[in-house]
Amino acid sequence: MADTCGQVLLGSGLTVLSHPLMYIKVLVQVGHEPLPPSLGRNLFGRQVYQLPGLFAYAKHIIKIDGKAGLFNGLAPRLCAGTIGTLVHSRVLQKCQDAGKYEVSGTSQKAEEGSLQHVVNETTKEMIARSCATIITHPFHVITLRCMVQFIGRETKYSGVFDSIVTVYKNEGVLGFFAGLIPRLLGDMLSLWICNMLAHLINTYAIDDSMSHTGEIKNCSQAVTGFFASMLTYPFVLVSNLMAVNDCGLAGGLPPYASIYPTWVDCWRHLSLEGNMSRGNSLFFRKLPVGKTYAIDQKRFF
């Protein structure tokens, strides 16, 4: 219990610190570009037009809503983090207890570090994460909509409880789970890619006789996690767009977004436009040639 409380407190602290970053990322994901591009230089010294980065975007939000404006949607996100941590911890413990019970009834046990052991542990983690994601997704939807309100200066989602009522009245129960499927798929793929790649590296690329083997394996886990998140980013983007799609906010309607019947249609549309990585980076945001942005409908070349 103490460990879970510690995880909740640590997670809440990290959530507060990282919230402005997520806020800006979400606005970029939906295509909100309130500032004109500027002429800069890329890593090779060549002049290119660049979209505003993290700090310029943050200054713009502060100018309009003040410093507190960087924390729009924080309350439902804290609720999601707290509930998600508790659910994840409880479900994971149940899975581990069930695994111990099954092992006690058999004579075989997967050796630690073996492929079977990695598969077993990854399966338990996947179940725990999926349960936490499903239960907390309504708060995730509310968080995103509270953020996207910045675009049209709406106040439709003003609090956790009021937002719950608003979603239920306008969209029913299904509204709380908008964008859930691509989010679940992305989480599961990211987890399996990360753990499988880490296992391959730790087994075939790292010699146990090497010094600091433990630190190297931890580093490989972090690297594979970053790589997996990059590969599965399109699922995150599509999930967030579907969570605000056609919800009555300016950021979920044309010209910012098309009305997508399903998340597959959203994926295809982004793929055709070459926007599958939109919002993935908040630095060195090169202006794509010939792209149209909803801020002023101008094309920059």
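Student: Is F161 buried or exposed?
Tutor: The classes rest on relative accessible area: buried means under 20%, exposed over 50%, and partly exposed in between (1.4 Å probe, protein chains only). F161 has a relative accessibility of 69%. Because that value is over the 50% limit, F161 counts as exposed.

Student: What kind of model is this?
Tutor: Residues are numbered from 1 along each chain as its sequence is written, and side-chain values use heavy atoms, with hydrogens and water left out. Local features need pLDDT of at least 70, side-chain atom pairs count only at pLDDT 80 or more, and totals for chains, interfaces and linings use all residues, since this is a predicted model.

Student: How many helices and strands does the protein chain have?
Tutor: Helices (H or I, at least four residues) and strands (E, at least two) are DSSP runs, numbered from the N terminus. From that end, the order of elements is α-β-β-α-α-α-α-α-α-α-α-β. The totals for the protein chain are nine helices and three strands.

Student: Which helix holds both F161 and T166, and is T166 buried or exposed?
Tutor: F161 lies in helix α5, and T166 is placed in helix α5 as well. T166 has a relative accessible area of 17%.

Student: Which residues does T166 touch, not counting residues up to four places away in sequence?
Tutor: Contact means heavy atoms within 4.5 Å. With residues up to four places away set aside, T166 touches K156 and Y157.

Student: Why does H19 count as buried, and which side chain makes a polar contact with its side chain?
Tutor: H19 belongs to helix α1, residues 2-29, and it counts as buried because its relative accessibility is 0%. Beyond its neighbours within four places in sequence, H19 is in contact with residues including L70, F71, N72 and M147. A polar contact is a pair of N or O atoms within 3.5 Å; within protein, one must be able to donate a hydrogen and the other to accept it, and residues adjacent in sequence count only if both atoms are side-chain atoms. At 3.4 Å, the side chain of H19 makes such a contact with the side chain of R77.

Student: What is the volume of the largest pocket, and which residues are the closest to its centre?
Tutor: On a 1 Å grid over the protein atoms alone, a cavity is a set of points where a 1.4 Å probe fits but cannot get out, and a pocket is an open set with protein on both sides within 12 Å along at least five of seven lines; lining residues have an atom within 4 Å of a point. Grid points are joined across faces, edges and corners, and a volume is the space filled by probe spheres set on the points. The largest pocket holds about 1,700 Å³. Among its 43 lining residues, the closest to the centre are M22, R77, H140, R183 and D187.

Student: Which element gives the largest share of the lining of the largest pocket?
Tutor: Ala, Val, Leu, Ile, Met, Phe, Trp, Tyr, Cys and Pro count as nonpolar, Asp, Glu, Lys and Arg as charged, and the others, Gly among them, as polar. On that basis the lining of the largest pocket has 14 nonpolar, 23 polar and six charged residues. The largest share, 12 residues, comes from α1.

Student: Which elements give two or more residues to the lining of the largest cavity?
Tutor: The search finds one cavity of 30 Å³ or more, and the volume of the largest cavity is about 40 Å³. Its lining consists of M126, R129, S130, T133, L184, D187, M188 and L191. Two or more of these residues come from each of α4 (115-152) and α6 (180-204).

Student: How many of the 12 residues of α8 are buried?
Tutor: Helix α8 covers residues 233-244 and reaches 17 Å from its first C-alpha to its last. That is close to the expected 16 Å, a span taken as 1.5 Å times one less than the number of residues. Y233, P234 and F235 are among its buried residues, and the count for α8 is 11.
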